[in-house]
Amino acid sequence: MGELLKVDKIKTEFQTDKGPVTSVDEVSFDLKEGETICLVGESGCGKSVTSLSIMHLLDRNGSVTEGSIRFEDKDLAHASEAKMRKIRGNDISMIFQEPMTSLNPVLTIGDQLTEGIRLHMNYSRADARSYAIEMLKKVGIPRAEGIIDEYPHKLSGGMRQRVMIAMALSCKPKLLIADEPTTALDVTIQAQILKLMKKLREESNTAIILITHDLGVVAEMADKVAVMYAGQVVEETDVYTLFDNPKHPYTLGLMKSIPHITNPDDMRLNSIPGSVPSARNMPKGCRFYDRCPHAMKRCLAEKPELKPIEDKQAHSIRCFLYEEEEKNYEKKHAEKQHAEKEVSS
Ligand SMILES: Nc1ncnc2c1ncn2[C@@H]1O[C@H](COP(=O)(O)OP(=O)(O)OP(=O)(O)O)[C@@H](O)[C@H]1O
Ligand SMILES: [Mg+2]
């Protein structure tokens, strides 16, 4: 699997009336072709801003001020709008958290769906129309042959979301960014959409960045997971390790809902007492300090970096606890060796 995307220490800032705020700070992760990463974390931690930063679709007052975003051989952080327009909807497509505003009210569903299909897949008008109908059926739209000629306002919110999903999947992108794609949909449709995303991944080797609050979806879809807190990645690892051996105290807090795994309807992230620090008033040390049951003195003053904790495993964590643990282990190991040497001599 070749490397497709490399997000390296990006920082995203918004200019506001009260001065600049940093919503995403040193976020890094990478993605190979066909691989799925899930971004999880509480509301406001920067998941949507991270994906909008990659797509160059931030609100006007926002920009990526540091770091790099490489997609294949292209530098997206510094790409022109013309270049981005070519990449969006062709190589990278996105399903938005707020889909209502993303459909053009004066064009029919068919016009909007077939435009992309014709442009990117070189289909004739008739072929594009039948392919669009096929896609609408795949996302669970009943009477797709009739719906294709309707205007968006005739459709319910859930149906519009499914049209957006059909649109994002129809061009078989190399990277799909899906921001809470199924939250507003009922469970049957949700399962259908996840199945469709899996199929796309198998058939077209599409890589996926999936933002979700649902641990059931994480377990079903993710190869790896990045846990975000207050604009930063605090833990990143493969999905098995995340469920078996989560390390960061924040991840451990979120995963407390795991005992409910026996109840598949209740796989939402656990809520943790306390609240996220404000972007305007970030602590000097660890951002989770106030809510962390294991906080130590150094966490207040020093800023933890995202670091791999074990050599062999791709498991990174932004926490001093494990550094201390490793240090203690090394110390104890040295003491033990020393004692053994003394006994044998
Ligand atoms: N245009 C903007 N101007 C100022 N701040 C913004 C702007 N857009 C987003 N933010 C801030 O950036 C932070 C991260 O927001 P983001 O939407 O990425 O959160 P999220 O993790 O996607 O949350 P949710 O789970 O609720 O969707 C929030 O504090 C938000 O208020
Ligand atoms: Mg969001």
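A nonpolar core here is a set of buried Ala, Val, Leu, Ile, Met, Phe, Trp, Tyr and Cys residues joined through side-chain atoms within 4.5 Å, where buried means under 20% relative accessible area with a 1.4 Å probe and protein chains only. The model is predicted, and local features need pLDDT of at least 70, side-chain atom pairs pLDDT 80 or more, while totals for chains, interfaces and linings use all residues. Residues are numbered from 1 along each chain, ligands are numbered from 1 in the order written, and side-chain values use heavy atoms, without hydrogens and water.

**Nonpolar cores**
- The largest nonpolar core has 59 residues, and Leu136, Met197 and Val225 have the most contacts inside it.
- Helix 6 (residues 157-170; helices are DSSP runs of H or I, at least four residues) gives the most to this core, with seven residues.
- A second, separate core of 35 residues includes Cys45, Ile87, Ile92 and Ile177.

**Helix 6**
- Eleven of its 14 residues are buried, so helix 6 is largely enclosed by the rest of the structure.
- Among the buried residues of helix 6 are Met159, Arg160 and Leu169.
- Lys172, which follows helix 6, has a positive phi, near 45°.

**Ligand 1**
- Of the 15 residues around ligand 1 (a heavy atom within 4 Å), Ser23, Ser43, Gly44, Lys47 and Asp59 come nearest.
- A polar side-chain atom of Ser43 lies 2.4 Å from an oxygen atom of ligand 1, and a side-chain N or O atom of Asp59 is 2.8 Å from a nitrogen atom of the ligand.
- Helix 1 gives the most to the shell around ligand 1, with three residues.

Technical notes: Buried < 20%, exposed > 50% of the residue type's maximum accessible area, 1.4 Å probe, protein only. Helix = DSSP H or I, 4+ residues; strand = E, 2+ residues; numbered from the N terminus. Polar contact = N/O pair within 3.5 Å; in protein donor to acceptor, adjacent residues only side chain to side chain.
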